[in-house]
Amino acid sequence: MFKILKQRAIKGIVTKYVEPEAYGQISLAGKELKALIQKRFGRSLHIREVDTGSCGGCESEITSANNPIYDLQRFGVNFVASPRHADALLVTGALSKNMLLALHKTYNACPEPKFVITLGDCAFDGGIFKDSYYTAGAIKDHFPVVLHIPGCPPTPLQIVQALTAFLKE
Amino acid sequence: MDCPEIITGIKNIFPQFNPISASQDYPDEVSLSVEPEIFKSTCLAFHRLLVSPVMMMFALDEREKSGNFLIKCIFVNIKQGQWITVSMALGAQTASYESLARSLYSANLFEREIREMFGIEAKGNPDLRSLHLHDEVWPAGNYPLRKDFKQAQAGGLGEYKFARVDGEGVYEIPVGPVHAGIIGPGHFRFSAAGEPIINLETRLGFTHRGVEKLFEGKDYVLASQLAECVSGDSCFAHSMAFTHAAEKICGNIISKHTRYSRAIFLELERMYNHVNTIGGMATDVGFSFPAAYASIIKEAILRLNQKIAGSRYLKQVNILGSVAVELDEAKKNIICEDLDKITRDFSELAGILEGSVSFMDRIDTTGVLKRKTAEDLGVIGLAARASGIGLDLRKYFSGVYQEAKFRMITQSSGDACARFKARVREFEESARLIREFAEKIPLKETNASDFKLKTGQALGYVEGWRGPVLYWLKVDDAGLIERCKIVDASFHNWQGLCFAVLGNIIPDFPLCNKSFDLSYSGNDL
């Protein structure tokens with residue numbers, strides 16, 4: 001217990017732990033994002049993440065966006081465990097044929113109103129796996145996708161900035 | 001005939017052994033080709049002689065050239081730092097062979113994979129259900145890795161049959177493919193009575209993207225990008241194993257700077273993943289402070305990667321014969337400075353976790369994978385070392401690790417605690433190695449390379465953070481890839497998890513799962 005308290009005191013607020021420049025960018029984009037979410041979603045946006053055949057890189061960066069340094073949650077973005085609690089689906093991966101049914105079921109389990117965001121180059125049109133015998137085409141051909149966040153994988157900062165830019169529209 | 005030593009050794013065990021050909025193509029690779037009749041006995045003899053599981057087994061479609069399918073089975077000889085390939089040719093009409101799996105279980109998954117991808121049946125294997133191509137969506141009779149496969153023809157769909165446990169009070173819990181966390185997809189079917197798990201069956205393949213087929217016909221540049229997208233948390237290990245195979249084929253001489261740089265990047269990848277797993281284990285027991293702390297350390301390492309290699313996940317660093325970044329004095333200083341901070345933080349983190357009685361009590365004796373089980377299943381990598389199997393490619397194959405006096409970390413208890421401790425020790429060892437490599441690394445030489453592949457075949461291998469990553473590569477006359485077989489340690493180790501959880505309570509499953517921390521995409525390909 002003592003060790004935890006000691007580390008807590010030494011570390012302080014770790015959102016400032018990254019380089020000052022990056023900290024400024026995150027706070028700036030985040031503040032804007034927070035205000036937009038306040039206005040549009042009544043304080044919080046709940047997202048359910050679904051991997052449809054990604055390599056795990058995008059998952060790693062989404063997890064990073066939730067770490068204490070970026071801390072997406074402080075801006076009102078929550079990643080939830082069930083589609084029943086979600087406002088939006090965040091889909092990654094090249095859409096393997098095996099995942100098509102599961103993705104439909106997950107989408108149908110989300111309450112209305114709902115929207116779909118795709119993240120990572122694979123999720124746009126299959127990316128590097130586009131010509132495979134086992135990918136089921138672009139996610140936007142199966143579901144109403146409103147936003148795509150490009151990158152392989154996009155960095156946490158890019159994720160925050162893309163969400164902000166989208167909500168501004 | 002080359003390599004008499006290994007032939008004498010195998011003849012002592014299997015007197016009828018009489019190879020059609022034997023050759024040593026590279027200092028670390030011996031290839032033997034045998035008649036189909038003695039393929040099984042030869043493989044079993046090698047398994048006994050080398051105490052190696054089947055590291056890789058795969059098929060090649062050479063019907064256009066020779067009218068045959070080839071089947072290759074690869075073992076590792078750690079004493080001599082060699083790989084032994086046993087191969088046989090099957091006539092296109094035969095398309096079946098005698099199963100190894102009844103006597104050598106580590107061949108089982110490979111036989112299932114060969115059946116679904118090539119339609120070559122392992123006679124006598126009781127379980128030939130599909131792994132990656134799910135019966136519900138993929139019509140029967142389509143074999144995508146055959147060379148004449150263009151696109152799937154209509155055919156019958158089916159349904160996967162899970163193993164069923166009957167009895168009073170036994171119930172099933174299906175989980176997935178979509179999980180509650182931000183992770184890959186996979187289906188777990190638990191059979192339980194009360195709390196303890198009686199049986200766990202994993203059904204994977206949900207991230208199958210047909211990677212091996214996509215490799216075919218690609219040149220080096222495109223294929224190396226693909227290798228980086230096989231498993232996103234092992235980008236560097238995969239691209240390094242792929243490049244290693246390509247370099248063996250092309251006969252590149254690898255400079256010291258390149259070898260040291262690659263070792264540094266490989267260890268950085270190991271460090272950020274190990275600390276991520278340790279944090280994940282803390283999350284799974286509900287201990288949030290260390291979990292958050294671990295993610296800060298992971299972020300620090302990712303940022304270090306960005307600073308020295310221009311990519312958080314070390315993408316596009318490996319190039320044929322060299323590395324794309326130069327680790328000069330300035331970068332060496334950055335590495336050493338950041339590493340000091342990172343190791344200081346990490347020892348605090350490890351101290352908090354090891355000093356927490358409730359955490360240690362929870363992981364102690366949880367998810368035990370016995371050594372015998374691990375050996376039979378062919379479990380490799382960190383999970384095997386935590387069960388007492390001393391196999392680490394870094395130790396047995398010559399290179400910069402031997403120069404740096406690499407210390408292999410093994411544990412004996414095989415539980416989640418052993419895997420936790422192995423990760424902590426490996427993290428510390430990695431940090432030591434990086435410092436040592438950074439000290440020794442010479443300046444970069446300029447060596448022009450045209451990235452054109454030569455014709456040939458070779459095995460590339462690397463000890464990634466989960467375990468060995470193997471790439472078997474064959475290049476055709478035009479310099480394009482003809483066949484690429486990938487085996488990530490996850491492919492072997494998922495079965496280990498199924499046995500480790502038996503008798504544990506279902507709420508401990510996430511903890512057991514995280515202690516292995518296997519890749520979905522590296523397994524599904």
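Modeller: This is a predicted model. Start with one residue pair: Ala458(B) has Leu473(B) as its bridge partner in E14(B).

Biologist: What makes E13(B) and strand E14 of chain B a pair?

Modeller: Pairing requires at least two bridges between two strands. Eight bridges join E13(B) to E14 (residues 468-475) of chain B, so the two count as paired. They run antiparallel.

Biologist: Which order do the strands of that open sheet have?

Modeller: The order is E13-E14-E15 in chain B, three strands with antiparallel pairing. From one strand to the next, the twist averages 10°.

Biologist: Why are strand E13 (456-463) and strand E15 (481-487) of chain B called edge strands?

Modeller: Each of the two pairs on one side only, and therefore E13 and E15 of chain B are the edge strands.

Biologist: Which helix packs on the sheet?

Modeller: Helix H6 (residues 235-250) of chain B does, touching E13 and E14 of chain B. The direction of H6 makes about 145° with that of E13(B).

Biologist: How do you know that chain A touches chain B?

Modeller: A contact needs C-beta atoms within 7 Å. By that criterion, 40 residues of chain A are in contact with 42 residues of chain B, so the chains touch.

Biologist: Which elements of chain A supply at least two residues each to that side?

Modeller: Helix H1 (2-11), strand E1 (45-51), helix H3 (57-65) and helix H4 (100-109) of chain A do. H3(A) gives the most, with six residues. By class, this side of chain A has 18 nonpolar, 16 polar and six charged residues.

Key. Residues are numbered from 1 along each chain as its sequence is written. Chains are lettered from A and ligands numbered from 1 in the order in which they are written. This is a predicted model: local features need pLDDT of at least 70, side-chain atom pairs count only at pLDDT 80 or more; totals for chains, interfaces and linings use all residues. Two residues are in contact if their C-beta atoms, placed from the backbone, lie within 7 Å. Helices (H or I, at least four residues) and strands (E, at least two) are DSSP runs, numbered from the N terminus. Ala, Val, Leu, Ile, Met, Phe, Trp, Tyr, Cys and Pro count as nonpolar, Asp, Glu, Lys and Arg as charged, and the others, Gly among them, as polar. Axes are lines fitted to C-alpha atoms, for helices over the stretch in contact, and angles run from 0 to 180 degrees between N-to-C directions.
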